[in-house]
Amino acid sequence: MQPTFLPCIMEQQETIVRRYVRYLKLERNFSANTLEAYQRDLEKLLAYLKREDKHVTDVQLEDLQNFAAGLHDIGIGPRSQCRILSGVRSFYRFLAVDGYRDDDPTELLESPTLGEHLPEVLTTAEVDRLEASIDLSKWEGHRNRAIIEVLFSCGLRVSELVTLRLSNLFLDEGFLRVNGKGSKERLVPISPRAIKELGYWFDDRRQMKIKPGEEDYVFLNRRGAHLTRVMILIMIKQQAVAAGITKTISPHTLRHSFATALLEGGADLRAIQAMLGHESIGTTEIYTHIDTTTLRQEILEHHPRNMKK
């Protein structure tokens, strides 16, 4: 009787997984990239349960702890472990809410402890050096200046920058409409400096032959198609070398620098959260740690108790 029972169980499990993926797509409104990452991480759990001959609805905390230990044993780093286990928690919350289980076995599942990682930031002077290092005699010069200034002035993710469209620019009013994570839209102020750099780029852009279907993208490559994240990463790393900046930077560094500059200038953490498009204030609070580092240095240098006579 078991040979006929097992396929039914597996078929039911596949149905549950399909419903979960549909839930992430339609109700959580996850992007294609996020959806793919969640599916990939869930497949790791499903492969483990298949080896253990366990159905997803029968899993207990001990099974998940053994799965987590196995991630460590095969050399997956703590940060990736945390991401995978976050996906596992999401899956079992769905099973509990949708009535497949009476409990959530992940409630007491612990993630590995991560050391505090403070991202690199650039000062305004370093961003100016980065922009000054760009050769404006090249066709892409003004484009690259505009990219760096928009990233720094608006705090965009690189994925938001490459999908930025002309129809979402409201430059007379001084803001952009940004399509962020989970297809959530937000309005972001744009500085006069960034608007000026965009104007120079648009003068060059109007001379280009643009591919059909790409006309609405703000930033284009020399073939008239929109840029990729990798192209921008390479450009910024090359400009860092040209500017003599030895910090390890990426497009995300400019987003961190934007947030840190706002905090140091006295901006409210909730306002920074809204401009960055962070769902949780906890994500934004990383910048308070960066600011504390700066404050500590200021205290050591300038407090009268620390000044050498």
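A salt bridge here is a side-chain nitrogen of Lys or Arg within 4 Å of a carboxyl oxygen of Asp or Glu. By that rule, the structure, which is a predicted model, holds 15 salt bridges. The close-ups below visit some of them, along with aromatic contacts and a pocket.

**View 1. Arg193 of helix H8 meets Asp128 and Glu131 of helix H5**. Let's start with Arg193, which is partly exposed at 34% relative accessibility. Its salt bridge with Glu131 brings the closest N and O atoms to 2.8 Å, and because Glu131 lies in H5 and Arg193 in H8, this pair ties together parts 62 residues apart in sequence. Glu131 is buried, at 1% relative accessibility. Arg193 also meets the side chain of Asp128 in a salt bridge, at 3.8 Å from N to O; here the parts tied together are 65 residues apart in sequence. Asp128 is partly exposed, with a relative accessibility of 35%. Follow the shared partners and you find one network that joins Asp128, Glu131, Arg145, Arg193 and Glu197.

View 2. Asp41 is buried, with 5% relative accessible area, while Lys44 counts as partly exposed at 30%.

**View 3. Trp201 and Phe219 form a stacked aromatic pair**. The whole structure contains ten aromatic pairs. Trp201 sits in helix H8 (residues 192–205) and Phe219 in the loop between H8 and H9, so the contact ties together parts 18 residues apart in sequence. Both residues count as buried: Trp201 has 0% relative accessibility and Phe219 has 2%.

**View 4. Aromatic rings also gather in a cluster and face a charged side chain**. One aromatic cluster is made up of Tyr20, Tyr23, Phe91, Tyr92, Phe94 and Tyr100. For a ring with a charged neighbour, look to Tyr217, where Arg165 lies over the face at 4.3 Å from the ring centre.

**View 5. The second largest pocket holds about 350 Å³ of space**. It is lined by 20 residues, and those closest to its centre are Glu140, Arg143, Asn144, Met235 and Gln238. Helices H6 (141–154) and H9 (229–243) are the elements that give two or more residues to the lining, with the largest share, six residues, coming from H9. The lining divides into eight nonpolar, six polar and six charged residues.

Definitions and conventions:
Residues are numbered from 1 along each chain as its sequence is written. This is a predicted model: local features need pLDDT of at least 70, side-chain atom pairs count only at pLDDT 80 or more; totals for chains, interfaces and linings use all residues. Side-chain values use heavy atoms; hydrogens and water are left out. On a 1 Å grid over the protein atoms alone, a cavity is a set of points where a 1.4 Å probe fits but cannot get out, and a pocket is an open set with protein on both sides within 12 Å along at least five of seven lines; lining residues have an atom within 4 Å of a point. Grid points are joined across faces, edges and corners, and a volume is the space filled by probe spheres set on the points. Helices (H or I, at least four residues) and strands (E, at least two) are DSSP runs, numbered from the N terminus. Ala, Val, Leu, Ile, Met, Phe, Trp, Tyr, Cys and Pro count as nonpolar, Asp, Glu, Lys and Arg as charged, and the others, Gly among them, as polar. Rings of Phe, Tyr and Trp (its six-membered ring) pair if their centres lie within 6.5 Å; planes under 30 degrees apart count as stacked, over 60 as edge-to-face and the rest as tilted. Buried means under 20% relative accessible area, exposed over 50%, partly exposed in between (1.4 Å probe, protein chains only). A charge sits over a ring if NZ of Lys or CZ of Arg is within 6 Å of the ring centre and within 35 degrees of the ring normal.
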